[in-house]
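This report concerns aromatic contacts and helix packing. The sequence and the structure are shown first, and the description follows.

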Amino acid sequence: MTVKPLFISTYPPRECGIATFTNDLVNAIEQKATSVECSIVAISKEKHLYNEKVVFDINQDKFSDYVKAANYINISKNDVVVIEHEYGIFGGQDGEYIIPFVKLIKKPIITTFHTVLKNPNTKQFEILKKLSEISYKVITMANSTKDILINQYDVPEEKIKIIHHGVPLMNLADTEYLKKKYNLENKKIISTFGLISPGKGLEYSIKAMEKISKEVPNAIYLILGQTHPCVKKIKGEEYRNSLVSLVNQLNISNNVMFVDRYLTKKEIMEYLKISDVYLTPYIGREQAVSGTLAYAIGSGKAIVSTPYTYAKEMLSDGRGLLVEFEDHFSIADAVISILIDDKLKKSLETKAFKIGKEMFWPNIASKVINLLKGAANTYKKVGVIA
């Protein structure tokens with residue numbers, strides 16, 4: 001049986017974490033099963049040159065585009081629709097255009113929630129609750145968010161599927177070769193990657209480096225990635241410049257390095273391979289998923305993180321060290337403890353990789369394929385799909 005899912009999401013070349021996620025998922029699904037043919041309805045504020053998988057392009061702020069897209073979907077040969085949901089990528093207040101849009105769609109819908117808020121505003125609550133009601137199944141990436149969906153949004157447990165965020169499986173060169181490649185020989189490497197914005201809390205990591213560099217002089221903190229396009233459009237490089245100024249003020253320019261560009265997946269995985277510690281100092285307490293943290297777990301890294309929702313669950317049982325929010329002393333102490341204790345570092349790496357290997361994209365793709373086939377079969381039986 002051939003299944004033809006249609007994904008509604010941001011998509012490359014748009015520089016966005018969900019765009020990367022969807023691209024990776026679609027590629028993994030099609031590599032795993034030739035009987036699944038994926039296509040994309042892409043959401044964006046600007047025009048992009050997409051590949052042939054994109055069959056429709058929605059301007060996220062233009063509601064008429066959503067109506068046209070729904071009409072297209074209803075007459076298409078696609079038999080299941082997958083929505084990658086994040087409040088900020090759909091139009092209207094908190095992305096409210098998504099609700100009248102999905103009400104127009106006459107195909108079964110599976111929704112992946114990339115954000116599940118414990119304390120939503122009224123509009124955010126209504127959107128997630130209504131999306132859950134309309135969807136055949138919903139996907140979340142952690143047990144903690146499953147509990148929130150059940151207890152706060154009244155989503156039936158049988159409707160919820162937990163499927164981890166996927167991570168790449170790559171053959172990479174050995175660590176010493178890669179350290180030479182990036183001119184980082186004889187360094188103890190701490191890293192954070194991703195699109196940069198104030199919510200990442202990088203100023204606390206930089207402040208921590210003042211103490212770390214005194215205890216471990218050859219430690220270097222890599223801040224990998226460019227400023228988030230949405231942030232850059234409104235405030236330019238204000239945040240990044242403040243970080244650079246902080247580095248200079250603390251006189252630690254030899255211990256902090258900025259790689260100011262959008263990295264390829266291979267570059268990300270290579271930087272992760274050479275990292276001794278991966279750090280997510282995020283400020284937002286309710287972050288339900290972090291692709292960067294997922295990548296670090298899949299790479300079997302020793303991880304230090306603030307205890308936002310996803311990190312608290314994924315780093316439990318000795319899979320990482322949790323530190324206080326907005327506390328550079330706490331970050332410094334945790335990072336130093338790993339850099340000076342090989343036994344602790346090895347224990348964290350081993351425990352992280354134990355769950356990380358379950359998160360490789362081929363394993364994630366298999367679970368999503370089963371869900372897609374189940375949706376298509378169920379709806380065909382009851383005559384919803386012609």
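Does Tyr 153 count as buried or exposed? At 1% relative accessibility, Tyr 153 counts as buried, the term meaning under 20% relative accessible area, with exposed meaning over 50% and partly exposed in between (1.4 Å probe, protein chains only).

## Basis of the description

The model is predicted: local features need pLDDT of at least 70, side-chain atom pairs count only at pLDDT 80 or more, and totals for chains, interfaces and linings use all residues. Residues are numbered from 1 along each chain as its sequence is written, and side-chain values use heavy atoms, with hydrogens and water left out.

## Aromatic pairs

The whole structure contains 12 aromatic pairs. Rings of Phe, Tyr and Trp (its six-membered ring) pair if their centres lie within 6.5 Å; planes under 30 degrees apart count as stacked, over 60 as edge-to-face and the rest as tilted. Phe 125 and Tyr 153 are stacked, at 5.1 Å centre to centre and 20° between the planes. Phe 125 belongs to helix α4 (residues 122-134) and Tyr 153 to helix α5 (residues 143-153), so this pair ties together parts 28 residues apart in sequence. Helices (H or I, at least four residues) and strands (E, at least two) are DSSP runs, numbered from the N terminus. Phe 125 is partly exposed, with a relative accessible area of 29%.

A stacked pair is also formed by Tyr 282 and Tyr 308, with 5.2 Å centre to centre and 25° between the planes. Tyr 282 lies in the loop between β11 (277-280) and α11 (291-298), and Tyr 308 in the loop between β12 (303-305) and α12 (309-314), so the pair ties together parts 26 residues apart in sequence. Both Tyr 282 and Tyr 308 are buried. Elsewhere, ring pairs link Phe 63, Tyr 66, Tyr 97 and Phe 101 into a cluster.

## Packing of α4 and α5

The axes of α4 and α5 come within 11 Å and cross at roughly 105°. Axes are lines fitted to C-alpha atoms, for helices over the stretch in contact, and angles run from 0 to 180 degrees between N-to-C directions. The two helices α4 and α5 are therefore roughly perpendicular to each other (65 to 115 degrees; under 35 counts as roughly parallel, over 145 as roughly antiparallel and the rest as oblique).

Phe 125, Leu 128 and Lys 129 of α4 make the contact with Leu 149, Gln 152 and Tyr 153 of α5, where contact means heavy atoms within 4.5 Å.
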